[in-house]
Amino acid sequence: MTFCYAASTVRLQRSGVGILILLSATSTPLRGDTVILAPAKDNTVYSEADDVSNGAGSYMFSGMTNSGNLRRALIGFDVSGSIPAGSTINSVTLRLYMSRTQAGNQTVRLHRLLADWGEGTSNANSGAFATNNDATWKYRFYVVNDPPSAPAWTSPGGDYAVTASASGTVGGIGAYIWGSSAAMVSDVQTWLDSPGVKSGWIIIGNEAQSQTAKRFDTRETSQISRRPQLTIDFTPDPTAGACCFMNGSCQVRSEAVCNSLNGSPQGEGTSCTPNPCAQPTGACCFTSGTCQTLAQSGCTMQFGAYQGDFTACMPQLCPVILTPFVDPLPIPPLATPISGAPGGAATYDMHMIQVQQQLHQDLPMTTLWTYEGMYPGPTILATRNVPVIVNWINDLRDEFNNPRTTHYLPVDLCPHGAVNEPKVVVHLHGGHVPAAFDGYPESTFLPGSSATYAYPNNQLPSLIWYHDHALGITRLNVYMGLAGGYVITDAFEQSLNLPSGEYDIPLIIQDRTFNSDGSLYYSAAWAEHFFGDKMLVNGKVWPYFNVKQGKYRLRALNGCNSRTLTLSLSNGQTFQQIGTDGGLLPAPVVLNQVTLGPAERADLIFDFSTYPPGTEIVLENSADAPFPVGDPMHAIPNVMKFIVQNQIGFTGAIPASLRAIETLNPMDVVTTRELTLQKTTDPCTGSVWLINGMHWEHIHEQPVLGTTEIWSFINRSEISHPMHMHLTFFQVLGRQDFDIVLGQVVPIGSPVPPAPEEAGWKDTVMAHPNQITRVIARFEDYTGLYPYHCHILEHEDHEMMRQFEVIAPPGSIPAVSEWGAFIMMLLLFVVGAVVLRGRTPDRAS
Ligand code: C2O
Ligand code: CU
Ligand code: CU
């Protein structure tokens, strides 16, 4: 290390004990007041040990010992405590008494310390074990019980300015004086001007040669005349007054100096005690989600969370904080038909209505779009092969009860089909239905209009769901609440004696973010993902569910816009999965967690029979968002809580075999399609998701009715896409990694078959990054146009949705079932001029 010394460094001169010789600096000092200060602290650090110092000792040392160890003395003064703020320092000298040495003349330098340090109560001539707060070679404030936790120097031996503030020669026993030097004057001025800084100087002797150590007396020595003395000549500023700074701090300064420091002078003679300066303000967040601009003290007093000086209140800066597990789990009621019976042949009117609903006990009412005035919508119960007719009626009205003309949420007009209108169309997700009743995304209708769809239910029993599917704004309509469950059952399923009635519950899981007034928050601009910060189950934020000691059939549906869920129980309990999107598995699969991408379902059996009453078990979510590699900021670890009651519930056994599944045979495949999932740039939104680089209008996938195909989803992106096909259920063949070689996808390794819990009928499959996910499907019963898409609704809207067209075999006449659908549709339109019901206030509950 090289040192360069200040030009004004003066030679040290020996002085008589107790007599101060003020050495003249290069310029004549101003005449002013003089104070002589004793150190506020002093200490010695020892190079050979990290835990040795001499805080309370009578001596301090610098230089190298006979055995080659280094000593450095530290000394600090409380300048601001003794000199009025605003004063100008004219000259500074430090006097030390050197009381023992084996060496002749040695250079001893003062360097300004750059970090604060401490003096404890260690006491020994040649160093003692450091006590709490002692500075040592390694630490600034030693901690006896836990040295690694102690604040350490950045460089062992002390952090100090490279340039010495003063330097001089110390020879035999006697008093020596350093200063006055311009650097020492500037050091002291700094300590005066920044009252918090009391770091002082480090005293460094000859460290190149052993046996050069010098012993100086400290402030603790009993011989008062040998104690260190700092003599300061200064000129007080009669014009000084309080000077306020932007950060709310105050210093006594002359008006001119205050102005030059960008402070605001408070007038001559004004004082900094108490602090007269306006304290800076910043955003202060309250648990209600409101934000107020306050000073830190005011924010803390009102139990707010201060966001920092000069932070601004901005939308979504302050999350609404809600206590989990305080609302009971709602169970969506069964839809009531206008004719027929629930579970049988029936006709339903399903009004889409804007209502206010309370989604958490501490949250103001939330405006939602609902089916039949409730979010989620009522559950439609159907029996296999028994048709259900639904009149989907758009009756969305504004707060004046007029039919809405605009959307409730801000609409980004970039995505294809997006308009600022309350247009809707309903899709029965997982429904095997004629194209005319599938909820074609362009067949939307506005308030005052309706659509009548007939669902044949010629499919295996499972939980499917209805939700909005309007082109370009599906994410907004579903987010507003337009979703509900649809359960199909049959006699065979009933014969299995699975938990039913109060023990068979859908769990519709959706994430949302709220504004402080309770309204839903959704970003105005399309974004690649939406992740809420609260988890709702069946329309309540983090509900609890009182369960009896027994088994429950819980049908979990991931109804989130973008979020993947990995569900598990907080006590590590296993559960059984008995079914997938499209029906029962051949046998229950025991799991300790299950992952569901958006729109996927898992039919689960949870067994609470062995838990004592009062046991609380949390259903947790550990999936990253985005999935599979996400931002911890987006995590929502809680879903809901089960509380075991002192009551026996369903104790029947779950059959070891459920329903045999026909396995689709790859030998029957007539066409294999490759569908590449990739993001590209978009002038309007920045990015857009495409399938094979094509858009909605590009219809190239035309399976022939009755044939079997393999679809390979090739995911060339970093996130998983839940790929959904309308009309058909499919089976997952497997997943295979690939490499990109010269721009081409080259599969590597061998395909991995699906896990047992995925080896059933599916309508949505997770296509993971850098994998080819192959599914096999048979296109049956209905011809026509059907969408297939990613079920991350933000992707679906822009533009990861295309359509396939099931075509009749060449030369064939339309299949009977098609005629059936056609005739049914004709009948419905003849009979069904649907009159909008007048809306009565009690609907809006
Ligand atoms: Cu659940 Cu086309 O979607
Ligand atoms: Cu669907
Ligand atoms: Cu996607």
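Guide: The lining of the largest cavity divides into three nonpolar, three polar and three charged residues (Ala, Val, Leu, Ile, Met, Phe, Trp, Tyr, Cys and Pro count as nonpolar, Asp, Glu, Lys and Arg as charged, and the others, Gly among them, as polar). This is a predicted model, in which local features need pLDDT of at least 70 and side-chain atom pairs pLDDT 80 or more, while totals for chains, interfaces and linings use all residues. Residues are numbered from 1 along each chain as its sequence is written, chains are lettered from A and ligands numbered from 1 in the order in which they are written, and side-chain values use heavy atoms, without hydrogens and water.

The lining consists of His416, Leu471, Gly472, Trp696, Glu796, Asp797, His798, Glu799 and Met801. A cavity is a set of points, on a 1 Å grid over the protein atoms alone, where a 1.4 Å probe fits but cannot get out, and lining residues have an atom within 4 Å of a point. The space in the largest cavity is about 50 Å³, and there are four cavities of 30 Å³ or more (points are joined across faces, edges and corners, and a volume is the space filled by probe spheres set on them).

At the metal site, His427 and His724 coordinate the copper ion (ligand 2) through their NE2 atoms at 1.9 Å (donors are N, O and S atoms within 2.8 Å of the metal, or 3.2 Å for Na, K and Ca; water is not among the atoms, so sites may look incomplete). His427 belongs to strand β26 (residues 426–429) and His724 to strand β45 (residues 721–725), so the pair ties together parts that are 297 residues apart in sequence; strands are DSSP runs of E, at least two residues, numbered from the N terminus. Both His427 and His724 are buried, that is, under 20% relative accessible area with a 1.4 Å probe, protein chains only.

Among the sheets, one is open, with six strands in the order β43-β42-β44-β49-β46-β47 and mixed pairing; two strands pair if DSSP finds at least two bridges between them. β43 (686–691) and β47 (744–747) stand at the edges with a single partner strand each, so one side of each has no neighbour in the sheet. Within this sheet, β44 (residues 708–715) and β49 (residues 771–778) run antiparallel and are joined by seven bridges, with Ile714 opposite Ile772 in β49.

Note on methods
Helix = DSSP H or I, 4+ residues; strand = E, 2+ residues; numbered from the N terminus. Buried < 20%, exposed > 50% of the residue type's maximum accessible area, 1.4 Å probe, protein only. 1 Å grid on protein atoms, 1.4 Å probe; cavity = no way out; pocket = protein on both sides within 12 Å on 5 of 7 lines; lining within 4 Å.
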